[in-house]
Amino acid sequence: MNVKELLAAANAVVPKISPDEARKLMAGKNALVVDVRDAPEVQASGKVKGAVNVSRGMLDFRADPESPYHDKAFSKERPVIVYCASGGRAALSGKLLKDFGYGEVYNLGGFKDWAESGGEVEK
């Protein structure tokens, strides 16, 4: 496989949602929002208010309840919204979560889209 094929497979199982749809899921279903960008990216721009920052490289360990590095914010009963800088890493991360058994996973796309739509940001 190549990156294009991996992204196509991820996009086939992880629906892309708009900032408005994300806000509804965050308010109504207490969705977990995960920023999979690297720490320097988050420091430079901030993140979605209330989001947890878990770089894509650590997501496997934070999302797996059997891992000693598990983050208790991750629950398979809770919707998860993933985003990155442009949507690619978010799609791949969403696919990983689906493979781990998370049922309701969404790709918000890029942080810039969120910020430009008036979404709340925290530094």
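**Figure 1. A polar contact of lysine 47.** In this predicted model, a polar atom of the lysine 47 side chain lies 2.3 Å from the backbone oxygen of alanine 51. Lysine 47 belongs to strand β2, which covers residues 47–48.

**Figure 2. The surroundings of lysine 47.** Lysine 47 has a relative accessibility of 16% and therefore counts as buried, since buried means under 20%. Apart from its neighbours within four places in sequence, lysine 47 is in contact with Asp35, Arg37, Val42, Val52, Tyr83, Phe111, Glu120, Val121 and Glu122.

**Figure 3. Charged ends over aromatic rings.** The ring of phenylalanine 111 has the charged end of arginine 37 sitting over it, at 4.5 Å from the ring centre. Both arginine 37 and phenylalanine 111 are also among the contacts of lysine 47. Elsewhere, the charged end of arginine 23 sits over the ring of tryptophan 114, at 5.0 Å from the ring centre.

**Figure 4. An aromatic pair.** Three aromatic pairs are present in the structure. In one of them, the ring centres of phenylalanine 74 and tyrosine 102 are 6.4 Å apart and the ring planes stand at 85 degrees, so this pair is edge-to-face. An angle over 60 degrees is what places a pair in that class. Phenylalanine 74 is located in the loop between α4 (59–63) and β4 (80–84), and tyrosine 102 in the loop between α5 (88–99) and β5 (105–110); the pair therefore ties together parts that lie 28 residues apart in sequence. Phenylalanine 74 and tyrosine 102 are both buried.

Technical notes: Residues are numbered from 1 along each chain as its sequence is written. This is a predicted model: local features need pLDDT of at least 70, side-chain atom pairs count only at pLDDT 80 or more; totals for chains, interfaces and linings use all residues. Side-chain values use heavy atoms; hydrogens and water are left out. Rings of Phe, Tyr and Trp (its six-membered ring) pair if their centres lie within 6.5 Å; planes under 30 degrees apart count as stacked, over 60 as edge-to-face and the rest as tilted. Helices (H or I, at least four residues) and strands (E, at least two) are DSSP runs, numbered from the N terminus. Buried means under 20% relative accessible area, exposed over 50%, partly exposed in between (1.4 Å probe, protein chains only). A charge sits over a ring if NZ of Lys or CZ of Arg is within 6 Å of the ring centre and within 35 degrees of the ring normal. A polar contact is a pair of N or O atoms within 3.5 Å; within protein, one must be able to donate a hydrogen and the other to accept it, and residues adjacent in sequence count only if both atoms are side-chain atoms. Contact means heavy atoms within 4.5 Å.
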